[in-house]
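Please open the structure in a viewer and keep the selection tool at hand.

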Amino acid sequence: MPKNSTMWVPKLKKGSGPLYLAIANAIAEDVATGQLQAEQRLPPQRKLAEALDLDFTTVARAYTEAHRRGLVDSVVGRGTFVCGKRRPRIPRVTEGRPNVDMSMNMPPEPESPELVELMQAGWSKVNGRLRDLMRYQDFGGSPEDREAGALWLRRRGLVVEPERVLVTPGAQCALLAILTMLVGPGGVLCCEDVTYPGLRALAGQLGIKLVGLPMDNEGIDAVAFAGACAQYAPKALYCNPTLLNPTTCTTSLSRRQALVDIARHYEVAIIEDDAYGFLPRSTPPAIASLGSELTFYVTGLAKSVGAGLRIAYMVAPDTHSAARLTASLRATTVMASPITSTLATHWIRDGVADLALANIRKESMARQKIAARILPPHSYASEAEAFHLWIKLRGGWQAASFAAQMRSSGIGVVASDAFAVGAAPEQAVRVCIGGVANRHDIQHALEVIRDALNEAPLARPAVV
């Protein structure tokens, strides 16, 4: 029986499926019948859990589902309210999948009608050339596409000849080509001790041994890198020096120079994955500009323009290396899609790519402000223009159990184990605040995460 008869408490029907869905369905029914009025405040999740004699997680997941359906909205510091006509209905998500998936690290999607219209105009130009673009094109990209890539890289302060730029269908296949050529099976590759999971996957596929290097606030420990060079004779150093996925750490200029100096001394190549390098308004120069003769530079448009635009640009140290990489790319991927690469070229030359990047920056900064209002101070690491957070767990939480708890609440996050190289990582989770979710979804999901952070895991009963 409800412990507080003065507040709204749903009437749950027996045998109506998972309890969180039953609560969400009850909210929908009471809204439809008028028992819940627009702008009416719902009970706090903990109080409703106590009233129904359920655990907090079940109620939190129910509110998340109701939020996804457009039935309720949350206001920081005030609570959860029944929506009026001000918020559109959001389609229901398939049972068993996260309601708010914050596990895929994607930029916010464009909502500006003007930007969308300009993007569609670019597609119209590509569509006019469709017959030609349905044919095989030059391996490594057409001269026009390479020139557009070189033009885009100037935004990052890199001045390179188009002959050294290769166009690839995404950064992952560019990394595959570089690792195959430089390292190969049985070779040693140094990297951050908490690094991009895609690198771990490629290393496992190619039989490459990863040596994780410790980091501090300025990036990879230079002394540790020198020691690893002397001990393991690595073929290359992989690094993601700007807004590192997952910790959002940005390597300082002095540390970048130190890593280049050590790499030169030991004749070790550097693979610079600059996936997020275009996002900050101000950031240290790319490593490729400090050590161009030994750096293989990779950046894609997935994080700075749109995740579905599977186009990346790779810069080789010289034309000989570019030719070798072209042969590797030809064997593994044949070519980047001429349709997609031509679209990217149009957007770069027309300024649409710059507008998309500005839109991603602006929306990411707005979402970072939401995170700063909701999450406990000093509980996470991030930067103003980043669209992911690195939440450090305290109070006995283990990363895997926290991620599982979030899944049961309808929220997808990634545990630190997925990023670890070698030693056990700190207990943390990566949370993406971009993707298809809107600000309302992000706010509500972060509130659920905040409530979980404030609860000791051992105090939680089993999920009903």
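A salt bridge here is a side-chain nitrogen of Lys or Arg within 4 Å of a carboxyl oxygen of Asp or Glu. The model is a predicted one.

**First stop: Arg155 and Asp354**

Select Arg155 and Asp354, which form a salt bridge with their closest N and O atoms 2.7 Å apart. Arg155 belongs to the loop between helix 6 (143–154) and strand 4 (165–168), whereas Asp354 is in helix 14 (residues 352–374), so the pair ties together parts that are 199 residues apart in sequence.

**Second stop: the whole chain**

Now display the entire chain. The secondary structure comprises 16 helices and 17 strands. Along its principal axes, the C-alpha trace spans about 75 × 55 × 35 Å. The radius of gyration is 25 Å, which agrees with the value near 23 Å that a compact globule of 464 residues would have.

Switch to a surface view. The chain exposes about 20100 Å², and carbon and sulfur atoms supply 53% of that area. Buried residues account for 56% of the 464 residues. Of the contacts between residues at least 6 apart in sequence, 72% join residues at least 24 apart.

Colouring by charge brings up 50 positive and 44 negative side chains. The centres of these two sets lie 5 Å apart.

How many salt bridges does a search of the whole structure find? The search finds 15. One of them to select is the pair Asp350 and Lys125, whose closest N and O atoms are 3.0 Å apart. This pair links distant parts of the chain, with Asp350 in helix 13 (residues 338–350) and Lys125 in helix 4 (residues 113–127), 225 residues apart. Asp350 is partly exposed, with a relative accessible area of 42%, and Lys125 is likewise partly exposed, at 44%.

Next, select Arg164 and Glu161. Their salt bridge has its closest N and O atoms 2.7 Å apart. Arg164 is buried, with a relative accessible area of 12%, while Glu161 is partly exposed at 40%. Then select Asp216, Glu218 and Arg255 together: these residues are linked in a network of salt bridges.

Most residues other than glycine have a negative phi. Against that background, select Ala233, which is not a glycine but has a positive phi of about 50 degrees. Ala233 is located in the loop between helix 9 (222–232) and strand 9 (236–239). With a relative accessible area of 55%, Ala233 is exposed.

Continue to Leu243, another residue that is not a glycine and has a positive phi of about 50 degrees. Leu243 is in the loop between strand 9 and helix 10 (253–266). Is Leu243 buried or exposed? Leu243 counts as buried because its relative accessibility is 2%, and buried means under 20%.

**Last stop: Ala366**

Finally, select Ala366 in helix 14, the helix that also holds Asp354 from the first stop. Ala366 counts as buried, at 17% relative accessibility. How far is Ala366 from Arg450, C-alpha to C-alpha? The two residues are 18 Å apart in space and 84 residues apart in sequence.

Methods: Residues numbered from 1 in each chain as written. Predicted model: local features only at pLDDT ≥ 70, side-chain atom pairs only at ≥ 80, totals over all residues. Heavy atoms only, no water. Helix = DSSP H or I, 4+ residues; strand = E, 2+ residues; numbered from the N terminus. Rg over C-alpha atoms; globule rule 2.2 N^0.38 Å. Buried < 20%, exposed > 50% of the residue type's maximum accessible area, 1.4 Å probe, protein only. Contact = heavy atoms within 4.5 Å. Areas by Shrake-Rupley, 256 points an atom, 1.4 Å probe, with all protein chains shown as cover. Lys, Arg positive; Asp, Glu negative; His and termini not counted. Charge placed at Lys NZ, Arg CZ, Asp CG, Glu CD.
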